[in-house]
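I set down what I looked up, entry by entry.

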Amino acid sequence: MKRLLMGCGAAAWLAWGVSGAAITAQPGADGTISIPVAEPGIYKLELKARAVEGVPGRNIILRSAFGDRVLIAPNSREWGTVEDYAAIGDFCDRVEIRTRRPGIELGGATLTRVKELHLPRQHYVARPEPNRDRTPDINPPTFRWPALAGASEYTVLYKPVAADWKSAQRGTAVKNGEFQPLFFRPQKALTPGEWEWKLLCNGRERGGPYRFTVSAEAVKWELPPWSEFYNAFSKTRPRLMYSAEELARIGTNVSGPMKGYADRLIAELEAGVGRPFSAAKKGDEQVKGINDLMTVLHFGRPIHEYLVLGRVLDRPDFRAEGKRRALTLLERCRGKKVAFDQDFANGLITQSLAFAYDYLGDELNTQERAAIRADIVERLKSTRYPASLPRFLYDAHAWQSTLHQAVCGAMAIWEEEPYAREFLQQMLPFYVALYPWFGGGDGGSAEGTHYGVETNALTSLIPRALWRNFCGLDLAGNPWLRNNVWFAIYTRPGDVKSSWFGDNGADPAGELGVAAPLLAGLHGALYPNPAATAYADRHLNLERADLQRLSRGLMLRLLPLAWGPFEAPQPAGALPLARAFRDVGIAIAHTDIADAGRNITLEFRSSPYGAYAHAHADQNSFNLMARGEKLVLDSGYYIGWHDRHHFGYTIRTAAHNTILVDGRGQPADCSYGWGRISGFRQGEDYVWMRGDAAAAYLDPALDRFDRGILLLRQGERAAAVIFDDLKAADGKRHRYSWLLHLGGKPEIDAGGCSLTVKRERAALRADWLEPEALEFSVTDFFDPKPVVWEYRKSHFKTLEPQWHVRAECNGGAEQRFVTVLQAGPKEAAPEFGRPAVQDGGITIGDWKIRRDGGRIRLERPGREPVEFAETEQQENPQPLPPLPERMEKPRARQLIPAFRDGETVCFAGDSITQDGTYIELLNNYYQSRYPERRVRLVNCGVGGDTLFDLIPRLESDVLAHKPDWIFVMIGTNDMNRRL
């Protein structure tokens, strides 16, 4: 129901338009604009602004109940218009616009509702979920809601739709200081079917009922009460990352089957002993804080490796170096906690201090241990993750690394510091309920393949190891962790990287890199997956130099030693041509996944996560690669996140192979310009993928934008038939621009509506069959131009040239395109003829394609015709890898210390000790599990002893053995004699 809200503190009025309310307001006395909002929806903002003092940049804040959105101010003293969009949710009744620094003057602002609110994935919660827009892929689901003013307790009531509210199940989330969980995750699975839920705040009903469906196909991940995990927090040392068995395996692999890799890693560490804490090499300082950040990273990266290997290999020099570096960071960086530019540095410092505290023991004095604890607690508080992550889920840096490092710090000191224990008790449900932040059960990442594989998937192994060894929580109950390896295999199938969605690093040659093979190797060690093991065996080279520099100091380089050696490959069978990662909205198809020299890859994206973080405004876009060369590509460069070129071009729709309407694309840097994979099917020689991106277009709004792509394999060649169907919501005529970005200079035949591109090894032909007449333009110009920062010049030695083609027409409210791309080896280019359109179908080679009534029919001589619905959703054929030794209950604490080789352990006590039974059990434990360790166990028990009998003989009977450990069990006889 529409409602008019008054009392906004500034002049405001409301007028109803075709798509909703248009609300205009002027700045108040303090320069802030406050605009009332009548109902939830997607709103367009038009704001007058100017740079009074010539201060350009992202200096305008659009603030709602859900958080801030930063806008770019005009770089001019003349009045200009700033346009953007915002998703306004159920509990928001106004937005505010202000500047975040002096020098920007705001004029009037107009807020217009352009679409209803539908968000299948939410960064901040505009509408409590689950709801009709999101069907949970894990059972039980996570309930999320926004922060409400004055709330101290939230209650969730949930029940089957047919049940009475009196029988509803109940969940509670209570605010505790800065810890305010805005979610509830049940422990037990819900019965498949229709459900509904309500939200109560401080006992009063505030939202709902919200209806959702629990699918029978949703993966079940049930857990015991959180308290059981809290009670299982480890009290042994070392407790971080590696179990005692894994530490022993590191020792075995260092001198055994993985000696070559270990020798290189150890040699690198030996060369770094004594290295001073000095500023990293720098040129022009083009990024604030980058030099301090790089200094900390270069100095701190190997600290945990010095400490772990120092213990495992009994290297006092390594332990001393780890201690020196950790205490140097403690002294030099104390109090330096920057929220954004240096959060990687803060995370690495926390991790380094945690490993020093956990692994050095008495090698740290009382003052040093107290200083480390104080610094870790201060850094934990500075992250503000307990308060921020439930509200703003898509915090890339947190989920990529810095949250894992903060958890590492809390695990090291939780017994001594109450805040650290509280922190862990809050974070453990976070990882179950909210992680992964940018993916679903199919695996993969909506940020694209570079960050999806090399950061998000690879580093996901760290929190699993941390929590599993600390309290028995196995995060691999979430299918995302087990399916990620498929994302690596299909986006990097051969010796080259063949997927380019999202922000990508500086690798113009498209080299495979080490992340995907390493991920496959580690997955093969964790889960029974023959395809992962075979992929790692083919592509993983542990002697690669870039493996030695893997990731920003995260705990990755020792994992091959802890989990290896990797198993010999088992027969994996031929992989299907394609795989759909529907949760993140990416589908990838290959013509020859086993041979990069012959392979042709087509990837397609239409993502429910939209264009947030490292993802782009590219719904219903595609890229095409042949024989290791990019033919149709994501254009633009990722030199620095949100520099002028990146923010002004690379992430925008105009940089991608999709469609503009009236020169406008999809909203960038947000989650409400979204799409979805609406169809997927494959056969022996074909792949069909279909996307729906109507929700991604807001001005003008679209009621329909369906894009279907049919990839046909023809020997060493392939053809892609692309069907586009668009319908404008306003019923008016519009100009449509079909975008194609190329890795080679095209030759365009405008009259024939076609073009050709020839590269060194591969060639492409494009034919537009419908509409019959198009206007073509081509350029290799970028606006804004890319500028390589000084510190990035070693990465970007050259910028590959790119060409940008637009095929445009003026059409009605409904517009249709039919386009055919043919790709293959360069020498086959003369064979690319124009497809024939006849008898109601399209003929390409020996294929005939018919499309009618939402169905596709494929005909080929000598074969049975194939027919299917465009919206068919074929399941991926490979099953979810099972969990090895799945832990249904929290693990009991491991109370047996990890005695090292050559140590002496004395047991002092009375007749219970003298009997020797438990000492014999301990001896058997070490002989069976650690046969390579020579541990001397000395029985110093004397029957009948009391505490007063034991004390006088400690020197002669116990300390004379020069023990490394002393176990005392005394007091039984004291009690008997007192009684």
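This is a predicted model: local features need pLDDT of at least 70, side-chain atom pairs count only at pLDDT 80 or more; totals for chains, interfaces and linings use all residues.

**Entry on cavities.** Residues are numbered from 1 along each chain as its sequence is written, and side-chain values use heavy atoms, with hydrogens and water left out.

Searching the whole structure, I found 7 cavities of 30 Å³ or more. The largest cavity holds about 380 Å³ of space, and 27 residues line it, with Arg-134, Asp-137, Thr-142, Ala-433 and Leu-434 lying nearest its centre.

I then looked up the second largest pocket, which has a volume of about 1,000 Å³. Its lining comes to 29 residues, and those nearest its centre are Asp-137, Asp-442, Arg-582, Asp-583 and Glu-875. The elements that give two or more residues to this lining are α14 and β24; here helices (H or I, at least four residues) and strands (E, at least two) are DSSP runs, numbered from the N terminus.

**Entry on the whole chain.** I counted 22 helices and 42 strands in the protein chain. Of its 979 residues, 60% are buried, where buried means under 20% relative accessible area, exposed over 50%, and partly exposed in between (1.4 Å probe, protein chains only). Contact means heavy atoms within 4.5 Å, and among contacts between residues at least 6 apart in sequence, 73% join residues at least 24 apart.

**Entry on the antiparallel sheet.** I traced an open sheet of 8 strands in the order β24-β25-β26-β27-β34-β31-β30-β29, with antiparallel pairing; two strands pair if DSSP finds at least two bridges between them. Strands β24 (676-682) and β29 (747-749) stand at the edges with a single partner each, so one side of each is left without a neighbour in the sheet. Neighbouring strands of this sheet are turned by 15° against each other on average, direction ignored, where axes are lines fitted to C-alpha atoms, for helices over the stretch in contact, and angles run from 0 to 180 degrees between N-to-C directions.

Within this sheet, strand β27 (residues 717-728) is joined to β34 by 10 bridges, and the two run antiparallel. Leu-726 stands opposite Gln-815 in β34, a strand that spans residues 814-825. Is Gln-815 buried or exposed? Gln-815 counts as buried because its relative accessibility is 11%. Leaving aside neighbours within four places in sequence, Gln-815 is in contact with Asp-724, Asp-725, Leu-726, Tyr-736, Pro-771 and Cys-809.

**Entry on strand β28.** Of the 9 residues of strand β28 (residues 734-742), 8 are buried, so this strand is largely enclosed by the rest of the structure. Strand β23 (residues 659-661) pairs with β28 in the antiparallel sense over 3 bridges, and Val-661 has Tyr-736 as its bridge partner in β28. Strand β33 (residues 803-811) also pairs with β28 in the antiparallel sense, over 9 bridges, and there Trp-738 has Ala-807 in β33 as its bridge partner.

**Entry on the parallel sheet.** I found 3 strands forming an open sheet in the order β41-β40-β42, with parallel pairing. Its edge strands are β41 (936-941) and β42 (965-969), each of which pairs on one side only. Strand β40 (residues 904-909) pairs with β41 over 6 bridges in the parallel sense, and Phe-907 stands opposite Asn-939 in β41.

**Entry on helix α16.** In helix α16 (residues 530-539) I noted Ala-531, Ala-532, Thr-533, Tyr-535, Ala-536 and His-539 as buried. What covers these buried residues includes α14 (479-491) and α15 (515-526).

Notes. On a 1 Å grid over the protein atoms alone, a cavity is a set of points where a 1.4 Å probe fits but cannot get out, and a pocket is an open set with protein on both sides within 12 Å along at least five of seven lines; lining residues have an atom within 4 Å of a point. Grid points are joined across faces, edges and corners, and a volume is the space filled by probe spheres set on the points.
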